[in-house]
Amino acid sequence: MWTRNCPGVTGVQTLSRLNRTHRTASGEQKRKTFIIDFVNKPEDIRAAFEPYFTGATLETETDPYVVIHLATKLAQAGIYTDEQVREVARLWVERKGNNALSAAISPAKNEFARRYATAIDADDKVTLNTLDLFRKEVATYVRLYDFMSQIVDYGDPHMEMLSIFLRLLDKVIADSSWTADVDLSDVVLIGVKHTKAASVDISLTGDGELTGIKAAGTGTRKEPKYVALQVVIDKMNDLFGAESFTQSQVREFVQGLVQQLLTCPDLINQTKVNTKKQFMESQDFQSAVTEAVVDNHEAHNTMADYFFSDGPSINAVITALADAFYEAATDQHKEA
């Protein structure tokens with residue numbers, strides 16, 4: 001666990017999570033906790049914990065029905081069915097393995113991805129916001145149910161099954177699935193040094209007040225550039241079919257193309273004066289993609305060959321690539 005510069009109540013929450021129970025999707029129970037890095041000063045930690053030491057009270061009551069309301073709201077989105085929830089929970093309880101769980105969770109994952117891709121193609125910001133909020137509420141349900149079920153007996157097996165289902169769904173639709181993987185395959189651990197610092201007494205005396213849980217499911221969607229990039233990668237994976245390319249290889253190829261295209265001033269200027277829809281229909285962008293692929297052909301010759309084929313699949317990839325480029329170029333405008 002990394003802990004870096006966690007002031008105030010954030011420091012209290014961070015260190016308190018060290019004692020939190022955790023079970024992975026495969027059923028493995030957390031048994032040990034390791035703090036890899038800790039940089040807060042002792043006086044900062046004393047100040048953070050001081051108000052809650054001798055007595056901490058809730059300024060508002062925690063509503064146990066928040067979890068129930070959230071479960072109802074998630075179901076109304078129509079991303080998954082009760083039958084899918086029961087099947088995933090059964091496979092998890094019976095330890096049927098990752099392949100079976102992955103296949104069972106795929107319908108909900110694919111439905112979410114389909115709606116997201118459709119919303120991006122239509123530049124439908126309302127739907128994108130709704131889907132991003134759904135994604136956030138999935139994680140919120142898992143977190144709240146884990147906490148509330150320790151003190152409240154809901155007496156509803158479906159809520160427990162839903163917790164298992166959403167825990168797995170969260171992993172395949174989370175924001176982190178749009179970001180680049182970190183390849184540590186060539187990293188070799190050659191040593192570990194553990195230095196014990198001097199002990200410091202941070203005796204605590206105070207009282208404090210905490211806010212109870214009253215509602216869940218609010219927030220705004222994050223920048224769409226990672227989503228647009230992932231759409232390109234997904235479409236390329238569909239295009240390759242049986243070809244054995246890893247996720248990191250495809251991601252590296254796509255990111256390389258986008259970065260090379262971002263060096264073209266004419267394309268950047270077109271994003272300033274055209275809507276996304278107009279830009280995605282630009283023949284100039286398709287020509288620029290072809291030139292970039294030619295330049296990059298030596299490093300990824302097998303993947304690059306697909307761009308010289310003619311068909312609806314490669315056209316869909318180029319359209320998605322235009323969307324990803326437009327988002328990246330728009331970010332450059334904001335930073336300039």
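In this predicted model, helix H4 (residues 82-93) packs against helix H5 (residues 98-121) at an angle of about 165°, their axes lying 9 Å apart; the axes are lines fitted to C-alpha atoms over the stretch in contact, with angles running from 0 to 180 degrees between N-to-C directions. H4 is therefore roughly antiparallel to H5, a term for angles over 145 degrees. The contact, meaning heavy atoms within 4.5 Å, involves Gln84, Glu87, Val88, Leu91 and Trp92 on the H4 side, and Ala100, Leu101, Ala104, Ile105, Pro107 and Ala108 on the H5 side. Sorted by class, these are 9 nonpolar, 1 polar and 1 charged residues, where Ala, Val, Leu, Ile, Met, Phe, Trp, Tyr, Cys and Pro count as nonpolar, Asp, Glu, Lys and Arg as charged, and the others, Gly among them, as polar.

Elsewhere in the chain, Val231 lies in helix H8, which spans residues 225-240. Val231 counts as buried because its relative accessibility is 12%, the limit being under 20% relative accessible area with a 1.4 Å probe, protein chains only. Apart from neighbours within four places in sequence, Val231 is in contact with Ile120 and Ala320, and its C-alpha atom is separated by 8.3 Å from that of Ala324, 93 residues away along the chain.

For the protein chain as a whole, buried residues make up 35% of the 336 residues, and among contacts between residues at least 6 apart in sequence, 77% join residues at least 24 apart.

Residues are numbered from 1 along each chain as its sequence is written. Local features need pLDDT of at least 70, side-chain atom pairs count only at pLDDT 80 or more, totals for chains, interfaces and linings use all residues, and side-chain values use heavy atoms, leaving out hydrogens and water.

Terms used: Helix = DSSP H or I, 4+ residues; strand = E, 2+ residues; numbered from the N terminus. Parallel < 35°, antiparallel > 145°, perpendicular 65-115°, else oblique. Buried < 20%, exposed > 50% of the residue type's maximum accessible area, 1.4 Å probe, protein only.
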